[in-house]
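Student: Please take me through one part of this model in close detail. Keep it brisk.

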Amino acid sequence: MDIIVFYLVKALNIYSYALIIYILMSWFPNARESAIGQFLTRICEPYLEPFRRIIPPLGIIDISPIVAIIALNFASMGLVQLTYWF
């Protein structure tokens with residue numbers, strides 16, 4: 001059970017890094033049109049979309065990705081705490 005949770009937490013960490021890279025790509029022109037940008041769009045946008053519906057952008061600043069990353073961190077901490085209970 002511990003090994004499964006270990007790999008799930010690692011996968012969530014890798015996904016949060018992918019989200020950070022996707023967010024940083026918005027600072028560079030035409031970065032999201034590259035092959036890596038299109039791949040990250042396909043894997044990151046479905047997760048970010050519900051957060052964008054709840055938290056609309058404040059002018060040109062979009063804080064929903066920050067909330068999404070915090071939610072991923074809470075999920076990984078919750079998985080770790082579940083292993084201590086069982």
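Tutor: Ile66 lies in helix H3 (a DSSP run of H or I, at least four residues, numbered from the N terminus). The model is predicted, so local features need pLDDT of at least 70 and side-chain atom pairs 80 or more, while totals for chains, interfaces and linings use all residues. Numbering starts from 1 along each chain, and side-chain values use heavy atoms, without hydrogens or water.

The chain has 3 helices and 0 strands, in the order α-α-α. Its C-alpha trace spans about 45 × 30 × 15 Å along the principal axes.

H3 covers residues 64-85, and H1 covers residues 2-25. Their axes (lines fitted to C-alpha atoms over the stretch in contact) come within 10 Å and cross at roughly 170°. H1 is therefore roughly antiparallel to H3 (over 145 degrees). In contact (heavy atoms within 4.5 Å), H3 uses residues including Ile69, Leu72 and Leu79, and H1 uses residues including Val5, Leu12 and Ile23. The contact residues divide into 14 nonpolar, 3 polar and 1 charged.

How values were computed
Axes are lines fitted to C-alpha atoms, for helices over the stretch in contact, and angles run from 0 to 180 degrees between N-to-C directions. Helices (H or I, at least four residues) and strands (E, at least two) are DSSP runs, numbered from the N terminus. Angles under 35 degrees count as roughly parallel, over 145 as roughly antiparallel, 65 to 115 as roughly perpendicular and the rest as oblique. Ala, Val, Leu, Ile, Met, Phe, Trp, Tyr, Cys and Pro count as nonpolar, Asp, Glu, Lys and Arg as charged, and the others, Gly among them, as polar.
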